[in-house]
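Open the model in your viewer and keep the selection panel to hand.

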Amino acid sequence: MQLSHLVDFFLHPVYFEQPDQLRKARLFVRGCLLTSLFSTSYVWLSVLFEYQKGVYFMVMNVVGFLLLPLLAKTRLPIALLGNLYVTLGATAVLVLTYFSGGIWSAIYPWIVSIPLLALLVVDKFSGAVWGGIALACMVYFGVLDMRGIALPVEYNVEMKTWWFTTILTGLLLIILFVGFVFEVVQTGALRELESKNAKLEEQKTTIASQSEALEKLIEEKDYIIRILAHDLRNPLSNIDGLADMMESKRYVGQEDEFLGMVKRTANNALHLIERVLEMDKADQRESIDMDPVDVAEVLQELIESINETARRKDIAIKLNNAARSTSVVGERVYVLQIFENLLSNAIKFSKGGTKVSITVANTNSSLMVKVADEGPGVRPEEEDRLFKKFSKLSSRPTGEESSAGLGLSLVKRYVELLGGKIWHEGGAAIGATFAVELPLTGRPDRG
């Protein structure tokens with residue numbers, strides 16, 4: 001059986017509930033067992049020096065220190081048990097000092113071990129109390145000698161040299177023992193503290209990481225909500241415009257056509273909601289359904305649905321399609337959002353009586369679409385902020401429309417998800433021109 005298991009055998013379960021009490025209880029049991037073992041050697045030394053009282057008291061120590069740990073199985077306070085331990089040892093030392101010559105006894109210096117044991121096994125307060133008792137006893141023996149009161153010497157004085165040599169050597173050993181135990185306890189406590197600090201640092205790092213991840217998640221969810229709020233505005237505005245056209249007498253007989261456009265716009269909005277709610281997956285390229293999408297068809301559909309909004313501001317939309325192939329690799333809802341945002345921005349920032357031009361052309365294995373307006377344009381010093389989230393430039397909408405600063409950042413995100421590129425063509429004398437390049441399903445026919 002290991003010593004630690006033997007020590008824990010004597011302890012009541014209540015000590016295991018508090019780490020500090022457990023440490024003191026274990027130290028008390030170890031002290032009792034080791035002191036009992038140490039006292040055994042002094043039983044034989046007392047026999048050798050013919051010191052009868054030494055035999056009696058050392059046997060008392062051996063038995064007493066073996067029985068004391070059994071009290072640790074009770075609910076008695078560990079401080080009380082520790083003081084019983086010190087009392088037993090102090091009684092033997094003081095009585096044996098008295099009957100072996102007092103201040104001239106080899107056991108006299110052992111009195112200094114009493115407060116040391118109290119400090120080690122109990123606490124600082126007990127150490128101080130026992131220190132006072134030890135000091136008083138030492139002074140008492142000194143006063144007796146100064147008054148010429150001779151104390152009995154009951155060991156064989158003919159073996160005085162051997163007596164002093166063995167007894168004082170034992171004192172050195174017990175002081176070393178106390179120091180060693182103190183060092184072990186202190187080292188153990190420091191290691192435990194270091195271990196707890198390491199765990200706290202690990203937990204701190206984990207909490208910081210989780211907090212950062214949570215903040216990122218909250219930011220991402222907030223971003224998704226803003227995307228929905230922003231990108232649903234355009235289809236809802238288009239539906240409102242189509243509804244006005246259906247109510248107008250100018251378009252009598254075209255109600256079914258407009259109703260179909262309303263349904264398509266509503267379906268696009270529903271599809272957008274589904275895709276945005278899956279935005280976390282959409283961030284990974286492989287999660288996107290990359291299918292052929294006819295950009296010319298998407299642009300024509302957008303022009304039809306957004307035309308009423310443009311007409312309200314007296315803005316003309318012109319489409320110039322010079323491309324041989326307009327089928328790109330992508331997902332229709334993202335293609336739709338890219339150009340709906342660009343067209344919506346162009347109308348939003350243009351004044352009445354102007355036009356928005358859409359140019360479609362092929363370049364190498366890509367399709368390039370340019371959307372140009374005749375609005376105030378983009379200042380050169382603001383170009384680096386164009387595609388950043390929530391970035392609002394100095395140019396303001398001309399018809400009191402709202403602007404969240406999200407449109408171009410979303411366009412850039414959608415374009416990049418489709419493996420394309422977007423940029424602003426600066427240097428124009430008037431207006432803003434945005435160019436989008438998307439990969440074709442195949443190389444254009446150059447025949």
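Which residues of H3 are buried? Select them in this predicted model: Gly54, Val55, Phe57, Met58, Asn61, Val62, Gly64, Phe65, Leu68 and Pro69. H3 itself has 20 residues and spans 29 Å from first C-alpha to last, close to the 28 Å expected at 1.5 Å a residue.

Next, select Val59, Val63, Leu67 and Leu70, which make a nonpolar surface patch of about 330 Å². Leu70 belongs to helix H3 (residues 52-71). Leu70 counts as partly exposed because its relative accessibility is 44%. Residues three or four places apart on an α-helix point the same way, because there are 3.6 residues a turn.

Move on to the salt bridges, of which the structure holds seven. Start with Glu297 and Arg332, whose closest N and O atoms are 3.9 Å apart. This pair links distant parts of the chain, Glu297 being in helix H11 (residues 295-312) and Arg332 in helix H12 (residues 332-348).

Then select Glu425 and Lys370, a salt bridge with closest N and O atoms 3.0 Å apart. Glu425 lies in the loop between strand E6 (421-424) and strand E7 (433-439) and Lys370 in strand E5 (residues 366-372), so the pair ties together parts 55 residues apart in sequence.

Finish at Lys421 and Glu437, whose side chains form a salt bridge (3.6 Å, N to O). Lys421 is in strand E6 and Glu437 in strand E7. Glu437 is buried, at 15% relative accessible area.

Notes. Residues are numbered from 1 along each chain as its sequence is written. This is a predicted model: local features need pLDDT of at least 70, side-chain atom pairs count only at pLDDT 80 or more; totals for chains, interfaces and linings use all residues. Side-chain values use heavy atoms; hydrogens and water are left out. Patches are made of residues with over 30% relative accessible area and no salt bridge: like charges are joined within 9 Å, nonpolar side chains (Val, Leu, Ile, Met, Phe, Trp, Tyr) within 5 Å. Accessible areas come from the Shrake-Rupley method with a 1.4 Å probe; for residues, only the protein chains shown count as cover. A salt bridge is a side-chain nitrogen of Lys or Arg within 4 Å of a carboxyl oxygen of Asp or Glu. Helices (H or I, at least four residues) and strands (E, at least two) are DSSP runs, numbered from the N terminus. Buried means under 20% relative accessible area, exposed over 50%, partly exposed in between (1.4 Å probe, protein chains only). The expected span of a helix is 1.5 Å times one less than its number of residues.
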